[in-house]
Amino acid sequence: MLQITKARLGGLRRIQLYGNPGTFLGRSKGGKKTTSLFRLNPSYAKAVGFTLRKEIKYPKKSKELAEFMGIMLGDGGLPGNHQLTITFNYRTDREYARYICDILKRLFSVNYFLRKRRKNNGADIVVSSSNLVDFLSEQGLTKGNKIRNQIDVPHWIKRRLEFQIACLRGLMDTDGSIYLHKYCISGRNYQYPKICFTNNSKPLLHFVFGMLKRLNFRPCLSGNNVSIYSKFEVRRYFKEIGTHNLKHKNKFKNYFYNLN
């Protein structure tokens, strides 16, 4: 009888600590308690084959985070619950990829690896972190296909002008381009630099178009492109908004080589 009482008391104490294993709430409580114990002893967790979520830094809302969100909206993606990818051209954008990797370190303190494709110059920055995917989802990024979901800029960015400008820079540095527009009139050749943002998400196109107008540019929206045609406005864009993409910066310097 005494043994039965002790067993019953032990069972009740276990339920008190870990929850009733026969209910969802009990299993959840038990799982959290076990995870907490494994975090205190990660070597034991690894020995028994338990995988812990990687800890990350959770940054406050800032211009740098807003720019990173623009980068993700442009060339980034959340293909699932556990991974982040950012696509870049390995031949032309390696310097910019290093800049993105530095942002990942500063904002989130996460590790990454580069995945180069065999058949072309494409490559990906890859971060495996469920915590980071969850955080970015909470900040307004959407998992899955960006075009099908018609992604938009998160609301918290739209509430502050400095965040919107930073996000605009991230979008333009990834899905934007600067090139020399050439044409001929009456046998005479003309050329001038042009900025073009291309994306298949209508909300992003309208964000870029609206932001440029708000900043007193004269953009043109046509199909999946937002363009700045005036060389004076191209110059002003690089002066006021700027770029962290060395490829864009070098092209700008080549077109306006006489700038100090």
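What follows is a chat about the terms used for this structure.

Reply: This is a predicted model, so local features need pLDDT of at least 70 and side-chain atom pairs count only at pLDDT 80 or more, while totals for chains, interfaces and linings use all residues. Residues are numbered from 1 along each chain as its sequence is written, and side-chain values use heavy atoms, with hydrogens and water left out.

Me: Why are α4 and α5 called oblique to each other?

Reply: The axes of helix α4 (residues 63-75) and α5 cross at roughly 130° and come within 11 Å. Axes here are lines fitted to C-alpha atoms, for helices over the stretch in contact, with angles from 0 to 180 degrees between N-to-C directions. Under 35 degrees counts as roughly parallel, over 145 as roughly antiparallel, 65 to 115 as roughly perpendicular, and the rest as oblique. So α4 and α5 are oblique.

Me: Which residues of α4 and α5 make the contact?

Reply: On the α4 side they are E64, L65, E67, F68 and I71, and on the α5 side Y96, Y99, I100, I103, L104, R106, L107 and F108. Contact means heavy atoms within 4.5 Å.

Me: What makes α9 oblique to α10?

Reply: The axes of helix α9 (residues 161-175) and helix α10 (residues 202-214) cross at roughly 120°, coming within 11 Å. That angle therefore makes α9 oblique to α10. Among the residues in this contact are L168 of α9 and F207 of α10.

Me: How do you know whether N216 is buried or exposed?

Reply: Buried means under 20% relative accessible area, exposed over 50%, and partly exposed in between (1.4 Å probe, protein chains only). N216 has 60%, so N216 is exposed. N216 sits in the loop between α10 and β7 (220-222), and its phi is near 70°, a positive value in a residue other than glycine.

Me: And what makes S109 partly exposed?

Reply: The relative accessible area of S109 is 44%, so S109 counts as partly exposed. S109 lies in the loop between α5 and β3 (113-116). S109 is not a glycine either, yet has a positive phi of about 55°.

Me: What is meant by a nonpolar core?

Reply: That's a set of buried Ala, Val, Leu, Ile, Met, Phe, Trp, Tyr and Cys residues joined through side-chain atoms within 4.5 Å. The largest one here has 59 residues, of which F68, F108 and L136 touch the most other members. Helix α5 (residues 94-108) gives this core its largest share, nine residues. Helices (H or I, at least four residues) are DSSP runs, numbered from the N terminus, as are strands (E, at least two).
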